[in-house]
Amino acid sequence: MSMVVVRLVLSRIAIAILTLGFVSVAVFVGTEILPGDVAEAILGQGATPEAVAGLRAALHLDQPAHIRYFLWLGGLLSGDPGRSLVNNLPVAELIASRLPNSLMLAAVTAVVCVPIALTLGILSAVWRGSLFDRAANFLTTSIVAVPEFLIATLAVIVFAVRLRWFPALSYAAGIISLDQFFRLFALPVFTLSCVLTAWMMRMTRAAMIDTLRSSYVEMAVLKGARPMRVVLTHALPNTIGPIANAVALSLSYLLGGAIIVEIVFNYPGLARLLVDAVSTRDMPLVQACVMIFCSAYLYLLMLADIAGILSNPRLRHR
Amino acid sequence: MNSDPRIKETKDVELFRNDAQCVGEAFRRGATRREVINRLIAAGMSVAAAGTVASFAETAHAQTARRGGRIKVALSQTSTADTLDPARGLNPTDQSRHFMFYNGLTVLDETLSPQLALAEEITPSDRATMWHVKLRRDVRFHDGSPLTSADVVYSLRRHKDPAVGSGARSLAEPIQEITATGAHELRIRLSEPNADLPALLGLTGFLIVKDGTTDFRTANGTGPYKCAEFRPGVRSIAVRNNEYFKPSKPHLDEIELFGIADEPARVNALLSGDVHMINNVNPRSAQRIISTPNVSLFETKGGAYIDLVIRLDRAPGSNPDFVLAVKHMFNREQIRRAVYRNYAVIGNDQPIDPTNRFFDPTLPQRPYDPERARFHLQRSGFANQTFPIVVSPAAGNSEEMAQLLQQTALQIGCNFNLQRVPADGYWSNHWMKHPIGFGGTNGKPTADIQFSILFKSGAPYNESGWANERFDRLLVQARSETDDAKRREMYAEMQRLVHEGSGCCIPVFASNLDAHVRQLKGLVPIPTGGMMGYNFAENIWLDQ
Amino acid sequence: MSADQTITAVAAPALPRRRFRLPLAGIIGAGVVGFWVVIAIIGPYIVPHDVGALVDDDLFGRMRWALPLGSDYLGRDVLSRIIIGARYSIGVAAAATFLAVFMGGTLGMLAAVSRGAVDMALSRFFDALISIPSKMSALVVIAALGSSIPVLVGTVAVIYTPGAFRIWRALAVNVNALDFVEVARARGEGTGYLIREEILPNIAGPVLTDFGLRFVFAMLLLSGLSFLGLGVQPPNADWGSLVRENINGLADGALAVVMPAVAIASVTIGVNLVIDNLPGRWSSTGEH
């Protein structure tokens, strides 16, 4: 069993390095293609040609593109992702100040979403075609159909401005009490949950239905096992793989896809950092952010696959 | 203040009370006692009398301004490019921070007259080409070191270094030489006479940093607040500077400042009580703010505008009739009403707005006149053709204005095609680079700066590529003219020349709209921008 | 969320052919979708007002006879703008979906049939694409190319291509392993033939369903992108942009912000109802 997992991890790491290399080239080419550069972004409306040329030279942007890329790559391989071009802070420091925030938001949302989504998904699969199934389906589809920024803004107007239950902004530094913590995260987690719960629930339902249709479950039913027992002991272990996959994909969305929530609630996460970096053409920072999103995606998928292997007796004993 | 104290006769006892009120205002705005006295003396009052008036007003003022309290301020712009380097501060967020942590040699008041700040005396010689500056001796940086002329020399010279990336580089162009002539004295030599140097030195770009500073991770200035935390793209925390050289200032203990880019989110944060002040309120949110108790809208009329730029050096703008046709197509009333909800003043295709003392009200207002527009369009030979107009969220409301223009143009047989381009990099990649596009500027402190930067032939930001010899000559003459009446005449003629000839269509001057909780007091409009020209920090206080 | 979340899809067991019949919910869904398609086509001929014309002095004006849905943030007719928006929202989403499914589908089948290195390279490539957050890619594209209909279609298409690739590849791999494909391969048939004659007909049902779902994702992504400034050129606007530009009216419950959101929701729910109620042969059991 452990051999399978070890082999999987090793091959995944090799693939991840390849993928990251490819992504870094793509990102570099992307930032090069973008019109304007960091010197123009810094100077803004004051960007006269000579001022831009002077600043470019000062930032070493006048070197050829491939040299800059390899300089950056060399730095990264020796453990230094470089410094931000716009504010000269170490990229590692900028990331370190945002990554925990993003992870925190993702974790809290996951804790809220995953149980709700899995329960709803499994129940509507078991009772598929019932009124419950239809209602749950209709509700989730409707929620997903509302633009996220509309949900966020509406939530703020209702719960923060009118009712004053929660703050409209979600940034707090330092140690805060549990009560404060709950209030701060309430609205952003609610907004993210609206979208995520719906998707995860539908994916869970699909995976469950798939398994329930399979021959060994039918066999169990024929043997006369009670429906709930069939679901819990026979079907559920076999759906762990696909469900873990679904959860992993949803969580990877939470890191980079939370941009609208981060903007509306002024939450200092990684997504906003990347948006800033793109708009100021701050190449080292863009690279670092994208690398993190990419690694997180690959890592979560790997975890899901491992979960799938461990839960599947046939794969486990190979 | 309803009139300029420097030209008012104030000996009359009847006027004494009024003056005390004026002076009280001045104190609230942030003038120091010394400044007020100087002002009254300049107005012709004896030294002793001036002292009395100043004290009277100071007491009255002290009763209203309360010390203490902390506030949160959310401004519209923020990114990892946030900086504590005054030379690089381009947006309101940066500039507000810089006014918290630094001082300039002068500071602009609400009439845009420069008041002395770090400088104790600024005197011109040689017809305003040579300027002698004497610094205050009681000023210390936040790290405890005293302010000397070396700091000022360093701060002003930095703009010449391209590696600094100074946004005030072109403003600093006329400054030829800065020499320290003593520990607290220096000399500034200009390339040509300029009576407005003291006003220029009051801009955020020219705030004074410590000699040799290259690391701007924190701010070491002389300003009313010390920098307790600064994280670009996240927030800054400013705490009271107890050794501030202006007595009884600042009023607040702490200001937390951060950015919320999304306008509805910003307004909601104010209405939910999460922040105390916001800027850049959309005119469409104004009604919602006004109708909410405990918050107030704060309007600053000024010289900021977004204009349609028709390049005169290529078709179709090279045809003067086309330009005139477009200028008559603008339904300025409609733009003011529909786009700005009346938080704007009608413009007249010239950049001097009514708050500027050199504004010429006798220049006839260009009307919305479809008939004349059609006439000029026919004569230009461009009738029934289609032209692209480049718009961008970077030039605020350009999309909306262009859509209204598109509608009115359609009725007279001119088709405009809107091309929306991204806000990122708009000013470097699109501004002034298309035959027809949008540009704009924030309020400038003097008519001279406005004209020199944006309308002088060959100026880097001459948006429409307009060139007029007569205008250039008048600009230089007006700069060194000390007779106000003559200067006014010259500026009036220049306004007419721009109105007639340039390719800039300035439909309205938009007001800056800020909003704040009602307990926040002390805000007075300063036309260079919202929130007292971004210099709110040392002037505001919290009631109760 | 997006279609990147496609995990696996298994071809439904081939059922005996039977009459194509939709339950009531499916008919309602089809009706709603059909209604909007018709509106999108005849829109310009039935609008009461020009999309750009100012017809109201007030902003967010109330409903009345001349303006059945009130006016928007500049005083324009909301109904007219929604009608015209239908072409952009539905049109762009449909075009982008078609493009994404075409590119992703072709490459997916190619990967499945070719196996080995080609499969490996394509899979890794699309994996890398998926791992970059979709709204970020869109942001970069806006910054680079500005916002126009071709850019919109291209961006959304590129974002959904990896998802389409994965599902088509998964479906094709299953079919590819079946005996009749092996037989054809042994006969020495070329890749093109295998794809065209053997694989495509056998996965047609599920991929049509996939097309429908992907269309829904595309519409939702488009409305999300409007927040980041991506949309059709003014004075026209897609539904997402209509919601966005009128968001100031939300606190007062202005119809200008509510109705475009309802329009988006109605199409999304309509398509979903149709897909959910398709007979077994047409549904892909894997959800995305």
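Student: How many salt bridges join chain B and chain A?

Tutor: The count between chain B and chain A is zero, where a salt bridge is a side-chain nitrogen of Lys or Arg within 4 Å of a carboxyl oxygen of Asp or Glu. Bear in mind that this is a predicted model, in which local features need pLDDT of at least 70 and side-chain atom pairs count only at pLDDT 80 or more, while totals for chains, interfaces and linings use all residues. Side-chain values use heavy atoms, without hydrogens or water, residues are numbered from 1 along each chain as its sequence is written, and chains are lettered from A and ligands numbered from 1 in the order in which they are written.

Student: How many residue pairs are in polar contact across the interface of chain B and chain A?

Tutor: Eight residue pairs, both residues at pLDDT 80 or more. A polar contact is a pair of N or O atoms within 3.5 Å; within protein, one must be able to donate a hydrogen and the other to accept it, and residues adjacent in sequence count only if both atoms are side-chain atoms.

Student: Which elements give two or more residues to the side of chain B that touches chain A?

Tutor: They are β10 (254–259), α8 (263–271) and α14 (426–429) of chain B. Helices (H or I, at least four residues) and strands (E, at least two) are DSSP runs, numbered from the N terminus. The most comes from α8(B), with five residues. By class, this side of chain B has 18 nonpolar, 13 polar and 10 charged residues; Ala, Val, Leu, Ile, Met, Phe, Trp, Tyr, Cys and Pro count as nonpolar, Asp, Glu, Lys and Arg as charged, and the others, Gly among them, as polar.

Student: What area do chain B and chain A bury between them?

Tutor: About 3400 Å², 56% of it on carbon and sulfur atoms. Buried area is the accessible area (1.4 Å probe) that two parts lose on being put together, summed over both.

Student: Now the sheet: what is the strand order in chain B?

Tutor: Strands of a sheet pair through backbone hydrogen bonds, either parallel or antiparallel. Here the open sheet of four strands runs β4-β5-β7-β6 (chain B), with antiparallel pairing; two strands pair if DSSP finds at least two bridges between them. At the edges stand β4 (119–125) and β6 (175–182) of chain B, each with a single partner strand, so one side of each has no neighbour in the sheet.

Student: How many bridges join β4(B) to β5 of chain B?

Tutor: Six bridges join β4(B) to the antiparallel β5 (residues 130–135) of chain B. For Pro124(B), the bridge partner in β5(B) is Trp131(B).

Student: And chain A: how many helices and strands?

Tutor: Chain A has 14 helices and zero strands. Its C-alpha trace spans about 85 × 55 × 35 Å along its principal axes.
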